[in-house]
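Me: I have a structure open and would like to go through it step by step. Could we begin with what a burial label means and then look at some residues?

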Amino acid sequence: MKHTDFLQDQRYLELLSQTFPTVADASTEIINLQAILNLPKGTEHFVADIHGEHEAFLHILKNASGNIKRKVNELFGSTLRESEKRDLCTLIYYPEEKLEIIKQQEADIDDWYHITIHRLVRVCRDVSSKYTRSKVRKALPQEFSYIIQELLHERTDDVDKTDYVSTIIDTIISTGRADDFICAISFVIQRLIIDKLHILGDIYDRGPGAHLIMDTLVPYHRWDIQWGNHDILWMGAAAGNDACICNVLRIALRYANMKTIEDGYGINLVPLASFAMEVYGDDPCTEFQPKILGEDTLSDKVKQLYARMHKAISVIQFKLEAQLFTRHQLWHMADRCVLSQIDYQKGTFHLNGKEYQMTSCHFPTINPSAPNELTADERELMSGLHNSFIICEKLHKHIRKILQHGCMYAVYNHNLLFHASVPLNADGTMKSVEIAPGKAYSGKELMHNIGIIIRTAFQSDSEPSEKAYAIDYFLYLWCGPDSPLFNKSKMATFERYFIREKETHVEEKGNFFKLRNDEHIADMILDAFDVKGPNCHIINGHVPVHVAKGESPLRANGKLMVIDGGFSEPYHKETGIAGYTLVYHSRGFELVQHEPFNSTADAIKRGTDIKSTTQIVEMSQRRMRVADTDKGREIQQQIADLEQLLYAYRHGIIKENERKK
């Protein structure tokens, strides 16, 4: 190394010397980092489109898309019966609940404890083997940290340590801590089986437990999210976009799923119910009857109430959306001011030069001469709902986490992640999209600058006009033709409610969806996002894979993987499965196809797991190491910096200083 090259970084190295004040310190760290580079690559877990289905999501999270089951099979093979392996897996997934059942069934519980703890330690030892002792130690619960460390690093097949290990386990049992220990080590296994969780968007809407999913993610060890269109809708609602608030409520009412709204976030819907009954009390609201999923049952009275609330908030939504479309001509969405295209005397709707008879035309709150104006009662109702979303502490806590862990796109280990699409021209080139007056971007820059707008909406020190536009822009991201999260010609919500002709319901997909099977297009997108390497992929969700119709999640000769999780129950009949998740471990990619999840209670009581089929997508010729990852490149740079520091110490450019420790 040249002396002049080193001097350019002298100030940085002087700062580095505060952490590593001697040659011995710097050398030890280099040895440590070089060793880490040769550990197996940590396992990444990809899920998408969870849509509030918390039970299925939590189970997938606990079983790591079958990874724990695979480990148990590898470790115990034919030495355990299938029922025993199934029970062991269930115990790892749901230790507290499973223990209660086992204690009622086992005649000799101490013997069961002894056998089971040995098995759990063996599983834990295997899943922790790819990490440094320091990383494993940080994952351990404080009260059992020392004991678990001892059990992980000592073996009963070591004759000198057999009694030592057995005594530790006997003492855990005799002191009455067996249940607590089993729970602790089971959670450690869950924690270590997956190094990082990637969520490719859409935590919210349709299912009942989006808030429960967020409660799980808030303390989760390592995760990121690429925002989906339904996440953006909720972010817009939390930011105070009234049109987004209406959409959030409309979707909840459509699926008669109010648990996230009411139980999760405590949004008071009594004023909406009262308004709906007063205005639409004599309206059958046929088009707005809720879609009842699964075994949920509602009385006719409740169904009718939901239908009227559904219509009330939908009409307000159409008004508020039209106000934003009119205000922002830049969006080119004036054609979606649907209430202006109704002939209220004839009960017809004008679309693309044609006239369509509407299924009904009862709109007591619409003034045909000013159809987009809210009535005084609607303004009062929206003021209350707006305030409820703005002041909901739990909702804002969850949205802050989504902002902290999220972005429009991400690149991890040669994989480009985003929820839905990248706007393209018909020839496959990146489409330039004007996202604000005079600000047009494409590809990577488009995604990045949209992310800036989103964050502007939540920053208290933002310039007022920029913040106001950012709040409005959530609606465009939800339904705008060139939004990377939507990318269709229109959102035909109104037509689906009021027009029978299916031709009006068509939402023409953007060029990304038309061209995504082309390997050259995938390569072009990867190049545009600076994703380099021989085995690069695009991984996204958003569009369910219709396996029943012969569709494959692998496109563009394997360069693009669509892993819409299919968790949402409305999709199951349509797709024929409950979607996909993806596991990327040190040996390669495994795509896991899932069948619908019965219930957590059934999984605990009967040991049922999600039935999954693993499809090996791509296997590495050699086992991947940390050195092959983004983290590995960071470590290699750290090693290079430390080697420069050693050079500085040995040439007297920077003095060693023991007292800096």
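This is a predicted model: local features need pLDDT of at least 70, side-chain atom pairs count only at pLDDT 80 or more; totals for chains, interfaces and linings use all residues.

Me: Then is Phe318 buried or exposed?

Reply: Phe318 is buried, because its relative accessible area is 3%, under the 20% limit. This residue is found in helix α18.

Me: Which residues is Phe318 in contact with, beyond its neighbours in sequence?

Reply: If neighbours within four places in sequence are set aside, Phe318 is in contact with Val338, Leu339, Asn372, Thr493, Phe494, Tyr497 and Phe498.

Me: And how many residues lie between Phe318 and Arg222 in sequence terms, that is, how far apart are they?

Reply: Phe318 and Arg222 are 96 residues apart in sequence, and their C-alpha atoms are 40 Å apart in space.

Me: Staying with α18, how do α18 and α19 cross?

Reply: The axes of helix α18 (residues 300–327) and helix α19 (residues 376–391) come within 12 Å and cross at roughly 90°. Angles of 65 to 115 degrees count as roughly perpendicular, and α18 and α19 are therefore roughly perpendicular to each other.

Me: Which residues make that contact?

Reply: On the α18 side they are Ile313, Val315, Ile316, Lys319 and Leu320, and on the α19 side Glu378, Leu381, Met382 and Leu385. Seven of these residues are nonpolar, two are charged and none is polar.

Me: New topic: the strands. What is the order in the open sheet of five strands?

Reply: The order is β8-β9-β12-β14-β13, and the pairing is mixed. The edges are β8 (409–412) and β13 (554–555); each has a single partner strand, so one side of each is left without a neighbour in the sheet.

Me: In which sense do β12 and β14 pair?

Reply: Strand β12 (residues 537–540) and strand β14 (residues 560–562) pair in the parallel sense, over three bridges. Asn540 stands opposite Val562 in β14.

Me: Which helix lies across β9 and β12?

Reply: Helix α25 (residues 519–528) lies across β9 (415–418) and β12, and runs at about 90° to β12.

Me: What do β10 and β11 form?

Reply: They form a hairpin with two residues between them. Strand β10 (residues 433–436) pairs with strand β11 (residues 439–441) in the antiparallel sense over three bridges, and Ala436 has Lys439 as its bridge partner in β11. In the turn, Gly438 has a positive phi of about 80°.

Me: Now the cysteines. How many disulfides are there?

Reply: The count is zero. A disulfide is a covalent bond between the sulfur atoms of two cysteines. The cut-off applied here is a pair of cysteine sulfur atoms within 2.5 Å. For Cys244, the nearest cysteine sulfur is that of Cys479, 8.3 Å away. For Cys392, the nearest is that of Cys244, 16 Å away.

Me: Are those two, Cys244 and Cys392, buried or exposed?

Reply: Cys244 counts as buried because its relative accessibility is 0%. Cys392 is buried as well, with a relative accessible area of 8%.

Me: Finally, where does Asn229 lie?

Reply: Asn229 lies in helix α14 (residues 229–239). Because its relative accessibility is 6%, Asn229 counts as buried. Apart from neighbours within four places in sequence, Asn229 is in contact with Asp202, His419, Trp478, Leu485 and His542.

Conventions. Residues are numbered from 1 along each chain as its sequence is written. Side-chain values use heavy atoms; hydrogens and water are left out. Helices (H or I, at least four residues) and strands (E, at least two) are DSSP runs, numbered from the N terminus. Buried means under 20% relative accessible area, exposed over 50%, partly exposed in between (1.4 Å probe, protein chains only). Contact means heavy atoms within 4.5 Å. Two strands pair if DSSP finds at least two bridges between them. Axes are lines fitted to C-alpha atoms, for helices over the stretch in contact, and angles run from 0 to 180 degrees between N-to-C directions. Angles under 35 degrees count as roughly parallel, over 145 as roughly antiparallel, 65 to 115 as roughly perpendicular and the rest as oblique. Ala, Val, Leu, Ile, Met, Phe, Trp, Tyr, Cys and Pro count as nonpolar, Asp, Glu, Lys and Arg as charged, and the others, Gly among them, as polar.
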